[in-house]
Amino acid sequence: MDVLGLSEDELCRVLAVDPLTVLSGQLEQSQELPILLDLLEEAVQQTSPAMLRRWVRTGRPGTRPIDALLRRDFGQFEDALAELSERGFVLRGGEGE
(Lines give C-alpha, C1' and ligand atoms only; values in the text may rest on other atoms or scores of the structure.)
Protein backbone atom coordinates (compact mmCIF):
# COMPACT_ATOMS: atom_id res chain seq x y z
CA MET A 1 0.00 0.00 0.00
CA ASP A 2 2.76 2.43 0.98
CA VAL A 3 5.15 1.52 -1.84
CA LEU A 4 2.61 2.29 -4.57
CA GLY A 5 0.59 4.87 -2.65
CA LEU A 6 -2.60 2.83 -2.86
CA SER A 7 -5.69 3.80 -0.91
CA GLU A 8 -7.38 1.16 1.23
CA ASP A 9 -10.14 0.86 -1.38
CA GLU A 10 -7.60 0.35 -4.16
CA LEU A 11 -5.72 -2.24 -2.12
CA CYS A 12 -8.95 -4.12 -1.45
CA ARG A 13 -9.77 -4.20 -5.18
CA VAL A 14 -6.27 -5.32 -6.16
CA LEU A 15 -6.15 -8.10 -3.58
CA ALA A 16 -9.85 -9.01 -3.83
CA VAL A 17 -10.40 -8.66 -0.10
CA ASP A 18 -12.86 -6.73 2.01
CA PRO A 19 -11.86 -3.71 4.13
CA LEU A 20 -12.19 -5.71 7.35
CA THR A 21 -9.44 -8.05 6.13
CA VAL A 22 -7.14 -5.05 5.60
CA LEU A 23 -8.00 -3.48 8.96
CA SER A 24 -7.55 -6.75 10.85
CA GLY A 25 -4.13 -7.34 9.31
CA GLN A 26 -5.11 -10.68 7.76
CA LEU A 27 -3.71 -9.91 4.31
CA GLU A 28 -1.36 -12.87 4.57
CA GLN A 29 -4.29 -15.03 3.44
CA SER A 30 -4.49 -13.18 0.14
CA GLN A 31 -2.94 -15.18 -2.70
CA GLU A 32 -2.34 -12.00 -4.68
CA LEU A 33 -0.19 -10.27 -2.05
CA PRO A 34 2.91 -12.47 -2.52
CA ILE A 35 2.57 -12.09 -6.30
CA LEU A 36 2.45 -8.31 -6.04
CA LEU A 37 5.37 -8.20 -3.61
CA ASP A 38 7.45 -10.45 -5.88
CA LEU A 39 6.67 -8.26 -8.88
CA LEU A 40 7.74 -5.14 -6.97
CA GLU A 41 10.90 -6.58 -5.40
CA GLU A 42 13.40 -5.32 -8.00
CA ALA A 43 11.70 -1.95 -8.36
CA VAL A 44 11.79 -1.38 -4.60
CA GLN A 45 15.52 -2.12 -4.58
CA GLN A 46 16.28 0.06 -7.62
CA THR A 47 14.25 3.20 -6.96
CA SER A 48 12.40 5.19 -4.32
CA PRO A 49 8.85 4.63 -3.14
CA ALA A 50 8.07 8.22 -4.16
CA MET A 51 9.04 7.47 -7.76
CA LEU A 52 6.96 4.26 -7.78
CA ARG A 53 3.95 6.16 -6.43
CA ARG A 54 4.26 8.62 -9.34
CA TRP A 55 4.94 5.88 -11.88
CA VAL A 56 1.90 3.78 -10.97
CA ARG A 57 -0.41 6.70 -11.88
CA THR A 58 1.54 7.87 -14.95
CA GLY A 59 -0.09 7.65 -18.37
CA ARG A 60 -3.49 8.02 -19.91
CA PRO A 61 -6.47 6.73 -17.93
CA GLY A 62 -7.02 3.08 -18.73
CA THR A 63 -3.36 2.49 -19.61
CA ARG A 64 -1.67 3.38 -16.32
CA PRO A 65 -0.10 0.68 -14.14
CA ILE A 66 -2.73 1.40 -11.46
CA ASP A 67 -5.45 0.60 -13.99
CA ALA A 68 -3.93 -2.83 -14.65
CA LEU A 69 -3.79 -3.48 -10.91
CA LEU A 70 -7.37 -2.42 -10.36
CA ARG A 71 -8.43 -4.77 -13.18
CA ARG A 72 -6.32 -7.43 -11.41
CA ASP A 73 -4.36 -7.84 -14.63
CA PHE A 74 -1.08 -8.78 -12.99
CA GLY A 75 0.41 -9.78 -16.34
CA GLN A 76 -0.03 -6.28 -17.74
CA PHE A 77 1.30 -4.79 -14.51
CA GLU A 78 4.34 -7.06 -14.76
CA ASP A 79 4.88 -5.90 -18.36
CA ALA A 80 4.72 -2.26 -17.21
CA LEU A 81 7.29 -2.98 -14.50
CA ALA A 82 9.54 -4.70 -17.06
CA GLU A 83 9.32 -1.63 -19.29
CA LEU A 84 10.20 0.60 -16.33
CA SER A 85 13.17 -1.65 -15.56
CA GLU A 86 14.37 -1.52 -19.18
CA ARG A 87 14.35 2.29 -18.96
CA GLY A 88 16.54 2.10 -15.85
CA PHE A 89 13.66 2.95 -13.49
CA VAL A 90 13.33 6.41 -15.01
CA LEU A 91 9.98 8.02 -15.79
CA ARG A 92 9.50 9.43 -19.25
CA GLY A 93 8.40 13.04 -19.43
CA GLY A 94 5.79 14.72 -21.58
CA GLU A 95 2.07 15.15 -21.88
CA GLY A 96 -0.07 12.15 -21.07
CA GLU A 97 2.79 10.30 -19.41
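**Notebook: Trp55 and its surroundings**

I looked up Trp55 first: leaving aside neighbours within four places in sequence, Trp55 is in contact (heavy atoms within 4.5 Å) with Pro65, Phe77, Ala80, Leu81, Leu84, Arg87 and Leu91. The model is predicted, so I note that local features need pLDDT of at least 70, side-chain atom pairs count only at pLDDT 80 or more, and totals for chains, interfaces and linings use all residues. Residues are numbered from 1 along each chain as its sequence is written, and side-chain values use heavy atoms, with hydrogens and water left out.

Next I checked aromatic pairs. Rings of Phe, Tyr and Trp (its six-membered ring) pair if their centres lie within 6.5 Å; planes under 30 degrees apart are stacked, over 60 edge-to-face, the rest tilted. I found 1 aromatic pair by this rule. The ring centres of Trp55 and Phe77 are 5.6 Å apart and the planes stand at 55°, so this pair is tilted. Trp55 belongs to helix α4 (residues 49-55) and Phe77 to helix α6 (residues 74-86), so the pair ties together parts 22 residues apart in sequence. Helices here are DSSP runs (H or I, at least four residues), numbered from the N terminus.

Then I looked up burial (buried means under 20% relative accessible area, exposed over 50%, partly exposed in between; 1.4 Å probe, protein chains only). Trp55 is buried at 4%, and Phe77 is buried at 0%.

How values were computed:
Helix = DSSP H or I, 4+ residues; strand = E, 2+ residues; numbered from the N terminus.
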